[in-house]
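Welcome! Keep the sequence and the 3D view open as you go.

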Amino acid sequence: MKFCEHCNLAVENDICPNCNKRTRIIDGEDMCFFGEYNIFESNMLIAALETENIPYINQSIYFYVISAKFGKPNGKRIYLRYSDFDRVREIDATIFRKK
Ligand SMILES: [Zn+2]
């Protein structure tokens with residue numbers, strides 16, 4: 001797996017599909033974009049991450065277009081260490097019953 005330092009994305013190619021810049025070999029410590037969640041989901045996921053002592057970065061975003069009109073972010077973008085991805089995918093699937 002490769003890593004784009006510009007987008008904080010884990011990608012499969014030598015060139016990032018998002019920004020077209022060159023990627024490098026990923027390190028387990030790299031903080032990578034994991035997903036976008038609405039405010040309710042992100043609160044649940046963050047609570048689970050804190051329970052499990054998994055480090056994360058969250059960034060407030062406008063999840064729905066409509067909320068931008070009212071000027072209040074209502075979603076979060078979650079970044080995790082690449083080495084935690086598999087574990088958090090399981091947590092995510094358990095919380096949100098994804099298959
Ligand atoms: Zn990129």
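**Exercise 1.** Describe how the axes of helix H1 and helix H3 cross, and which residues make the contact.

*Solution.* Step one: find helix H1 at residues 39-51 and helix H3 at residues 85-96. Helices (H or I, at least four residues) and strands (E, at least two) are DSSP runs, numbered from the N terminus. Step two: the two axes come within 10 Å and cross at roughly 130 degrees. Because of this angle, H1 is oblique to H3. Here axes are lines fitted to C-alpha atoms, for helices over the stretch in contact, and angles run from 0 to 180 degrees between N-to-C directions; under 35 degrees counts as roughly parallel, over 145 as roughly antiparallel, 65 to 115 as roughly perpendicular and the rest as oblique. Step three: Glu 41, Met 44, Leu 45 and Ala 48 of H1 meet Ile 91, Asp 92, Ile 95 and Phe 96 of H3, where contact means that the C-beta atoms, placed from the backbone, lie within 7 Å. Step four: sort these residues into six nonpolar, no polar and two charged. In this sorting, Ala, Val, Leu, Ile, Met, Phe, Trp, Tyr, Cys and Pro count as nonpolar, Asp, Glu, Lys and Arg as charged, and the others, Gly among them, as polar.

A note on the model: it is predicted, so local features need pLDDT of at least 70 and side-chain atom pairs count only at pLDDT 80 or more, while totals for chains, interfaces and linings use all residues. Residues are numbered from 1 along each chain as its sequence is written.

**Exercise 2.** Work out the strand order of the open sheet that contains S4, S5 and S6.

*Solution.* Begin with strand S4 (residues 31-38), which seven bridges join to strand S6 (residues 75-81) in antiparallel fashion. Two strands pair if DSSP finds at least two bridges between them. As landmarks, Met 31 is opposite Arg 81, and Cys 32 has Leu 80 as its bridge partner. Next, strand S5 (residues 56-61) pairs with S6, also antiparallel, over six bridges; Ile 57 faces Tyr 79 there. The order is therefore S4-S6-S5, with S4 and S5 as the edge strands. Finally, look for H1, which lies across S4, S5 and S6 and runs at about 135 degrees to S4.

Definitions and conventions. Contact = placed C-beta atoms within 7 Å.
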